[in-house]
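Me: Please pick one loop in this structure and look at it closely. Then follow the chain parts around it, and tell me what stands out.

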There are 2 protein chains.
Amino acid sequence: MKSNSAYAELCQVHLRLHRFGHVASIVSWDRNAMMPPAGNHARAEAEAELGALIHRLRTDAKLAGWLRAAADEDLNDFERANLREMQRDWRHANALPEALVEAKSLAGAKCEHAWRTQRAANDWSGFLENFRPVLKLAREEAQLLAADSGLSRYDALVDLYEPGMRGAELERIFAEIKTWLPDLVIRVAARQVNEKVVMPTGPFPIVNQRALCQDVMRLLDFNFDAGRLDESAHPFSGGVPEDVRLTTRYRADEFVQSLMGTIHETGHARFEQNLPREWLGMPIGQARSFGVHESQSLSYEMQLARSRGFIGLLAPMVARHLGDQPAFEAGNLHRLMTRVKPGFIRVEADEVTYPAHIILRFEIERALIEGEIEAEDIPALWAEKMQSLLGVDTAGNYTNGCMQDVHWTDGSFGYFPSYTLGAMYAAQWFATIRRAVPDLDTHIANGDFSPVFSWLRENIWLQASRWETAELAIRASGEPLNPIHLRRHLEQRYLG
Amino acid sequence: MKSNSAYAELCQVHLRLHRFGHVASIVSWDRNAMMPPAGNHARAEAEAELGALIHRLRTDAKLAGWLRAAADEDLNDFERANLREMQRDWRHANALPEALVEAKSLAGAKCEHAWRTQRAANDWSGFLENFRPVLKLAREEAQLLAADSGLSRYDALVDLYEPGMRGAELERIFAEIKTWLPDLVIRVAARQVNEKVVMPTGPFPIVNQRALCQDVMRLLDFNFDAGRLDESAHPFSGGVPEDVRLTTRYRADEFVQSLMGTIHETGHARFEQNLPREWLGMPIGQARSFGVHESQSLSYEMQLARSRGFIGLLAPMVARHLGDQPAFEAGNLHRLMTRVKPGFIRVEADEVTYPAHIILRFEIERALIEGEIEAEDIPALWAEKMQSLLGVDTAGNYTNGCMQDVHWTDGSFGYFPSYTLGAMYAAQWFATIRRAVPDLDTHIANGDFSPVFSWLRENIWLQASRWETAELAIRASGEPLNPIHLRRHLEQRYLG
């Protein structure tokens, strides 16, 4: 590669994008975790100005020529993979006219803002008024992305979050899951019905919860020299790979949600903290897809942290920070943290019922985007699917039914499948690790997580965006995505 | 003003600069107050990229034409003042070739970095090696700024911090101060020698100090909806006018420094929080000069917070947060906080001896920049001036002598006078307020600071950069800068 090649020019642009992206990430973290309320207006203007600059860089007409020229240059495999990611970024940045992006952003902001009060008021018809324009613009977006990529409309949206994944493939996988999931939920519930679980008694002082979370993050090798844990209304993993900013939120009457949420975000963070340093700044150096990212948070939160061995380590830490009580006995804590119960709310769901929440959303949003149903049809479909998948009745309950999530309010259709893709990948990674290390549970129970962390480092973290997701899965685990591993994991943990 | 006028174009550019400046301020605050150490390298690159962008905007060749054209447009007084500030910004941004800016920045960073260890090691000759190139580049900078502005070399540097101020004027003022200051120091010391001061006994838990500082900030009307107090190695007032970020640092064995430091920064913050909202984004909306800014921090820290009335309010707050002890009796706390003692260190100096530290630095740095002395001459001059001004012997003590400050290490010559300009202006503002409100001390003792805050708001905060500094002083206090007010204040407080 010559230093004045088109490829080199592209690298220069992406390095600048990376640096402006660093600044954008930090101020966004600050807005969510630090900024006092009166700072909001000036911050919105400043972030918009920076966002516009980044958009101009990503859509600079010169890039088109360089991308064409670079394709004919003498690149090695690595550079060619980097170019593939650059092309993907260019396509996404340029597929949509700015007027549509702006209109969707405005309609989404309006709908989301009103939703915050409408949800609590169970006001579906009020919501519908704002949601219709959001859906209309999302369909236009899907249409344009589809025209650009040759994909179907819904596929074109999924591709934004999970490159290479298609609606038909999701349908096939989810159909397979639907054959066993409802029955599994019933069998697990029957088995747990007579289990005795002692509930923890609060309050749990927030200063102690904070120290507990930080201790558990250290146990999980989070590098506090290259990151922080703070608080925000909606927990997230932000910042930059060199300086990862996690947040959680605490409630004095409950500690499991913030603790397991912190472990979840720590999984995201460890991916970022272990991305290959020499690729940082290039598109190839970024974490692979939302589903793969979620496979890391769920490897931590579900595969590792809810295992019997890990909870055996966790129990004395909980007792040390929150004061001992019968509920903190390891066996009881394990029962508490693996409790399965069909419920209304996705974000509160256990790992067994969780896929049902996603399958329902996938089926509805795909039909919405493909124009097979209209916004008015959502509540009836929601009630019907909740009944058939989880056996719960949500009819008329919009608050905890079809109005519970933020995703659709701003038009983020195609995102939901990533959650269950992540759960399936996480199970697939752990099945692979178990094949190599049959006594993995003994290692974990002894506090030796190195078989897990070494495998994730080699096979996921250090691969970044080197491979397309399907190839990443094959190289890591010997096969493409296979939902059998999630099924086996759930049956093993909950019926084993 | 027509919307397609050259003036309107300039406003657009400055609005963008303001927004990018917002982002730059927040990430800079983050680096100092939040960033974990491993984030440094990536952050430096990201901030440099943003800095380069801002520099390109400020030096865009189009601005030169617009500035010329705008001067002939039909502008009102306000717009003309805004244009004056835009021209000043343009001149400063364009007077120096980028190679010199970069060379000075590199030489300064190297000298400052080494200074951090050399200072502790009393290593003057090691320091000199790095300092000579810094001085050489600062002289080049001064030469170029002088050629551009028609000012003398030192004046051209002072003008960066204190527009309109000249070396000859500083010399006249400082000569005046020198006629009475050494004698005043001796008289105050003689008077205080038999005063009994009970020293506070630590430790003072940092969590309590933090709560005390926040309470005192509330007492001083700091708006926590539009700002924060955090911690950093070197306390500063940062952020943006809409979201002011103060920092302090705590030591468990001492509380007065962090408390008075916080009050000092609160003065800076209240200026920023009360800049006229309708001008924000324009150069005219920015705080006027370093000296005027320092007049606000010193109005708070020295004029207000070390007054007998204010300390009467402070004493029970200190006792409430840190536990009662004899040292916290109001009279004792006042004696403690108004103790005068000539010492080596500027940043630890009381308000009586402080001007001597500044006069010494002014005389040396002016001669350095004008080429009358060389770097080698500093120690002897330092020792001689410390002896004559404060009667203390610093010969051979570089650590707490001429190597104590960071300013010269990176070539910030011309900055030091701002501190004493601030002290003089603060005394002048309070003399004006006292003329209008003769029983000001009663108001303060009763916790009614409105005469002070209303006056500062009307005469300083809301004026922003509307007037050049000399006119600001005349409009606010009826006369230009007059050092008699500082003298009267010190004599009144320390000998009255």
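**A loop and its surroundings**

Reply: Pro203(A) lies in the loop between α8 and α9 (206–219) of chain A. Helices here are DSSP runs of H or I with at least four residues, strands are runs of E with at least two, and both are numbered from the N terminus. This is a predicted model: local features need pLDDT of at least 70, side-chain atom pairs count only at pLDDT 80 or more, and totals for chains, interfaces and linings use all residues. Residues are numbered from 1 along each chain as its sequence is written, while chains are lettered from A and ligands numbered from 1 in the order in which they are written.

What joins Gly202(A) to Pro203(A)? The link is a cis peptide bond, with omega about 0°. Most peptide bonds are trans. Chain B has a cis bond too, between Gly202(B) and Pro203(B), with omega about 0°. Pro203(B) sits in the loop between α8 (167–192) and α9 (206–219) of chain B.

Helix α8 (residues 167–192) of chain A packs with helix α20 (residues 484–495) of chain A at about 15°, and their axes are 10 Å apart. Axes are lines fitted to C-alpha atoms over the stretch in contact, with angles from 0 to 180 degrees between N-to-C directions. The two helices, α8(A) and α20(A), are therefore roughly parallel. That label covers angles under 35 degrees; over 145 is roughly antiparallel, 65 to 115 roughly perpendicular, and the rest oblique.

Which residues make the contact? From α8(A) come Trp180(A), Leu184(A), Arg187(A), Val188(A) and Arg191(A). From α20(A) come Arg487(A), Leu490(A), Glu491(A), Tyr494(A) and Leu495(A). Contact means C-beta atoms, placed from the backbone, within 7 Å. By class, the α8(A) and α20(A) contact holds 6 nonpolar, no polar and 4 charged residues. (Nonpolar: Ala, Val, Leu, Ile, Met, Phe, Trp, Tyr, Cys and Pro; charged: Asp, Glu, Lys and Arg; polar: the others, Gly among them.)

Asp230(A) is partly exposed, with 17 other C-beta atoms within 10 Å. (Buried is 20 or more such neighbours, exposed is 12 or fewer, partly exposed is in between; C-beta atoms are placed from the backbone.) Leaving out residues up to four places away in sequence, Asp230(A) touches Ala33(A), Arg245(A) and Thr247(A). The C-alpha atoms of Asp230(A) and Met34(A) are 8.8 Å apart, although 196 residues separate them along the chain.

Strand β1 leads on to the partner chain. In total, 28 residues of chain A are in contact with 28 residues of chain B. On the chain A side, α1 (6–33), α2 (40–59) and β1 (227–231) each supply at least two residues. The largest share, 8 residues, comes from α1(A). That side of chain A has 15 nonpolar, 4 polar and 9 charged residues.

Most residues other than glycine have a negative phi. Asn122(B) has a positive phi of about 55°, and Ala464(B) has one of about 45°. Asn122(B) lies between α5 (98–118) and α6 (124–149) of chain B. Ala464(B) lies between α18 (450–459) and α19 (469–477) of chain B. With 15 C-beta neighbours inside 10 Å, Asn122(B) is partly exposed. Ala464(B) has 25 and counts as buried.

Key. Contact = placed C-beta atoms within 7 Å.
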